[in-house]
Amino acid sequence: MKVIPIAISILVSFQSAILIIGTPAEMYTVDSMFFINTFGSMLGCILTSILFVPLFYNLKTVSVYEYVELRFKSRAARVISSSISILSTVSMINIINHGGLKAVVWVDAFQGFIMLAGILAIIIQV
């Protein structure tokens with residue numbers, strides 16, 4: 001598949017309709033303190049880039065599983081952690097992969113354009 005539909009699909013997977021519709025509705029009906037969640041997410045990204053990325057870079061590790069092996073000095077820890085990750089990913093893919101991956105990507109891309117049109121309509125209206 002081409003890069004654009006895949007990129008849109010990944011973006012839409014993170015920016016769901018629940019986020020687009022649910023978050024503003026939650027803030028309007030309940031309280032705007034829900035906005036603090038955004039600061040927590042940003043703080044998490046910043047801390048990850050400050051703490052973990054330099055650690056993995058300096059150790060010249062390729063993955064978290066390689067770091068687990070170095071940290072616990074155990075090949076078994078690496079195998080177990082990577083096996084659990086593989087099993088969870090395969091389980092998730094089996095649940096998500098309805099209708100074929102290509103169909104899901106195109107539906108996500110279409111959903112992304114609908115979400116963008118809605119956001120632009122709101123911005124233009126305001």
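This is a short tour of the structure in your viewer, going from one selection to the next.

Before you start, keep in mind that this is a predicted model, in which local features need pLDDT of at least 70, side-chain atom pairs count only at pLDDT 80 or more, and totals for chains, interfaces and linings use all residues. Residues are numbered from 1 along each chain as its sequence is written, and side-chain values use heavy atoms, with hydrogens and water left out.

**Stop 1: α1 and α6**

Select residues 3-14 and residues 101-125, which are helices α1 and α6. Helices here are DSSP runs (H or I, at least four residues; strands are E, at least two), numbered from the N terminus. The two axes come within 8 Å and cross at roughly 70 degrees; such axes are lines fitted to C-alpha atoms, for helices over the stretch in contact, with angles from 0 to 180 degrees between N-to-C directions. α1 and α6 are therefore roughly perpendicular to each other (65 to 115 degrees; under 35 is roughly parallel, over 145 roughly antiparallel, and the rest oblique). Their crossing is left-handed, meaning that the near helix is turned anticlockwise from the far one by less than a right angle.

Now show the side chains. On the α1 side you will find P5, I6, I8, S9, V12 and S13, and they meet V105, W106, D108, A109, Q111, G112, F113 and M115 in α6; contact means heavy atoms within 4.5 Å. The residues of this contact divide into 9 nonpolar, 4 polar and 1 charged, where Ala, Val, Leu, Ile, Met, Phe, Trp, Tyr, Cys and Pro count as nonpolar, Asp, Glu, Lys and Arg as charged, and the others, Gly among them, as polar.

**Stop 2: D108**

Stay in helix α6 and pick D108. Is D108 buried or exposed? At 13% relative accessibility, D108 counts as buried (under 20% relative accessible area; exposed is over 50%, partly exposed in between, with a 1.4 Å probe and protein chains only). Leaving aside residues up to four places away in sequence, D108 touches I8, S9, V12 and S13.

**Stop 3: the annotated stretches**

Next, colour residues 35-57, 77-97 and 103-124, which an unreviewed UniProt entry annotates as "transmembrane region". UniProt positions follow the numbering used here, feature names are shortened, and annotations may be inferred rather than shown by experiment. Residues 35-57 are 96% helix and 0% strand, with the end C-alpha atoms 33 Å apart. For residues 103-124 the figures are 100% helix and 0% strand, and 31 Å between the end C-alpha atoms.

**Stop 4: the loops**

Begin with S16, in the loop between α1 and α2 (17-29). S16 is partly exposed, with a relative accessible area of 26%.

Move on to K60, between α3 (36-59) and α4 (64-72). Its phi is near 55 degrees, a positive value in a residue other than glycine, and K60 is exposed at 67% relative accessible area.

K73 sits in the loop between α4 and α5 (75-96). Here phi is near 50 degrees, again positive in a non-glycine residue, and K73 is exposed at 74%.

Finish at H98, in the loop between α5 and α6. H98 is exposed, with a relative accessible area of 56%.
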